[in-house]
Each structure stands twice: as structure tokens, then as C-alpha cells.
Amino acid sequence: MLTFFGLPDFQRDRLPPLCVSIGVFDGLHLGHREVVSAGMRDARDSGIPCAALTFDRHPLALLRPEQAPPMLCSLGERLRLLEGMGVDMAVVVPFDLKFASQSPDEFLSSVLRESLNAQRVVVGHDFRFGRHRVGDAAWLSERISTRVVPPVEMDGERVSSSRIRAMVASGDVEGAARLLGRRFSIEGFVVPGNRLGTTLGVPTANLAPIEGIALPSNGIYAGVATVDGKAFPAAVSVGDRPTVPGAGFAIEAHLVDYVGGSLYGKAMRLEFARRLRNEERFDTTDAMLVQMRRDIEEVRHVLEDVHA
């Protein structure tokens, strides 16, 4: 997939006509995937490349920061997912004041027509754009060939990023996975912790997640940890570690059957498969260790089809 950070600096006659799907695509959930897939189908039918136009941040992060939601995936993950779908070209536009202040006419002429040579456009039913969000799909449809994709529903409700965020925040990672079309995941780097797990014989990797990413509610989860391209079943603790005085909040993963060296400094991805239980305070570390071993066995059962 050809990727541009910022609008491509092509002479227009050297960029082929494109079919452009537009959206923030936070999480690239089933609704977003239908918008992108519709663009891919239209591009194929028209014999032209398909492109996805997205943004480097949620618009609210600029316009109303206090209301900006946590993101369901990083920009890097969004691009990997788009590439996995088979998109030919991705354009990541910095959502800054200059871009946000454009009128709908300016967006159409300077972005879609001049920079991207868009022949066709695909958007979701609730797409709004331009200064004060005055442009919409109907406005676009009157000026350029536009497909408007209706909402995707599941269980009688619209699939949306806000609905998925609420599920993640409540710990319903299985429900979130159904709407995402894959397991909810977070990414980050492994950083040093207090090494209590190592002392107890159950070492854990302490993940420092990418800033601004949604996190599941406190609790113990069965998940999958991917590091150095290898996947391991993992018992994941998200929370304040109440058994250890002053330990504070942490995201810790015990990689089942991992026999490699130190993970410090390595990038790691955690997928959340199922919430096993609430976070608990134990009277002794021995009692906590007994429960940790039970959790690991339950993880083996839940993820028996995942291998290193």
C-alpha cells in the first residue's frame, strides 16, 4: 500500500483518477470496513485504484480536546488494517486548524480534486466535513460521484466507535470483538516493573501503552501477547494491584510458556479475548499466587488454539 503523510505532491496529470473512501476510521470496525470495501468495489468496477483518506487524530482532539475520546487503535494499526484489506493508497492528513477551517468547496476542490484527482468518493451515512461541519454526503453527491454507505447494525444497534469504546470501558472485550471484526488490542513497549511476578515464579511483562488509546476496565483477562512476531497465550492484569501497597496502576501480562530472554524495551501487542474476573485484593502473596496459577490454567483453556 502506498502511504502518504500529508496530501501527495503529485502533478495532477501524473496521479491516476482515484476512488477515495473518507473517514477517521477509528478502530476500523465493521461499519468502517463496509465504507472501505465499497470503495474498493467501486474502484475495481471503474478500473481505477482505491484510496483511503484518513486523519492523524480524532477531530475533537483539535476542536474540543476536553471531549476527545480515547482511540480504539493507533494510527499505525489503522494503516496496517487498511493495507490488510487491500487498499492501494492511504493518505493521512494532519487535522490542524488550517485543514479544519476549509469550506466544503475548498475541501472538494483542493483536497479531493486537485491533490487526489478523485473521480469517485465513498463516505458513511453520517459523514460531515468543512468548517463548522456544514458539508455532508448529500452536498458531496450533488458535485462529485458519491456512494453513501448506510449504517451497519448488529443486535439492532448501529456499529459505532462510541459503542465499542463503551464495551471496552466496561470490560466487554468479547462484545467489542464482534463489532470490530477482530479482538480489541493495545500496543506499547515493555518497561521495568517491581519484579514481584518474577520473585513469585510467574514473571510478567509490564506494558506502557501508546498514549491516548482506550483501555479495558480493571480486571484479569485471557489474551494473546505478540512480541518479535510470535504470539503467546497471556494472562493479562489491568488495574491498581491492590494486594501490593503503593504498586499503582499497571498493565501486566504473563506470557504462557514463554522461555525467551528479557522483554524489556521490546514492542508488544496485547489482544483481549475474554474477561476472566474482577481485580481482587488478597490477604497474602501466597493466596494471590494460587489465584494467578488458576488464571493461567484458564487462559490455556480459553486460548488452547493459540501457539507460540
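I am working with a predicted model, in which local features need pLDDT of at least 70 and side-chain atom pairs count only at pLDDT 80 or more, while totals for chains, interfaces and linings use all residues. Residues are numbered from 1 along each chain as its sequence is written, and side-chain values use heavy atoms, with hydrogens and water left out.

**Entry 1: Ser-103**

I looked up Ser-103 and found that, leaving aside residues up to four places away in sequence, Ser-103 touches Gly-130 and Arg-131. Ser-103 sits in the loop between helix 4 (97-100) and helix 5 (104-115), where helices (H or I, at least four residues) and strands (E, at least two) are DSSP runs, numbered from the N terminus. I noted Ser-103 as buried, with a relative accessible area of 16%; buried means under 20% relative accessible area, exposed over 50%, and partly exposed in between, with a 1.4 Å probe and protein chains only.

**Entry 2: Phe-282**

Phe-282 belongs to the loop between strand 16 (267-277) and helix 10 (285-302), and at 13% relative accessibility Phe-282 counts as buried. Again leaving aside residues up to four places away in sequence, I listed Thr-243, Arg-277, Ala-287, Met-288 and Gln-291 as the residues that Phe-282 touches. For Phe-282 and Thr-243 I also noted the spacing, which is 39 residues in sequence and 5.5 Å in space, C-alpha to C-alpha.

**Entry 3: the barrel**

I followed 6 strands that close into a barrel in the order 11-12-15-14-13-16, with antiparallel pairing; two strands pair if DSSP finds at least two bridges between them. From one strand to the next, the twist averages 45°. Helix 10 packs on the sheet and touches strand 13, strand 14, strand 15 (250-255) and strand 16, and its direction makes about 100° with that of strand 16. For such angles, axes are lines fitted to C-alpha atoms, for helices over the stretch in contact, and the angles run from 0 to 180 degrees between N-to-C directions. Looking at one pair, I found that 9 bridges join strand 13 (residues 219-227) to strand 14 (residues 230-239), which run antiparallel, and that Gly-223 stands opposite Ala-234 in strand 14.

**Entry 4: helix 8**

I recorded helix 8 (residues 173-180) as largely enclosed by the rest of the structure, because 6 of its 8 residues are buried. The buried residues are Val-173, Gly-175, Ala-176, Ala-177, Leu-179 and Leu-180, and what covers them includes helix 1 (30-46), strand 9 (153-154), helix 7 (161-170), strand 11 (184-191), strand 13 and strand 16. Just after helix 8, I found Gly-181 with a positive phi of about 85°.

**Entry 5: the largest cavity**

My last search was for cavities, a cavity being a set of points, on a 1 Å grid over the protein atoms alone, where a 1.4 Å probe fits but cannot get out, and lining residues having an atom within 4 Å of a point. The largest cavity holds about 50 Å³ of space, a volume being the space filled by probe spheres set on the points, with grid points joined across faces, edges and corners. Its lining includes Cys-73, Glu-77, Ile-210 and Arg-269, and strand 11 gives the most to this lining, with 3 residues.

Conventions:
Contact means heavy atoms within 4.5 Å. On a 1 Å grid over the protein atoms alone, a cavity is a set of points where a 1.4 Å probe fits but cannot get out, and a pocket is an open set with protein on both sides within 12 Å along at least five of seven lines; lining residues have an atom within 4 Å of a point.
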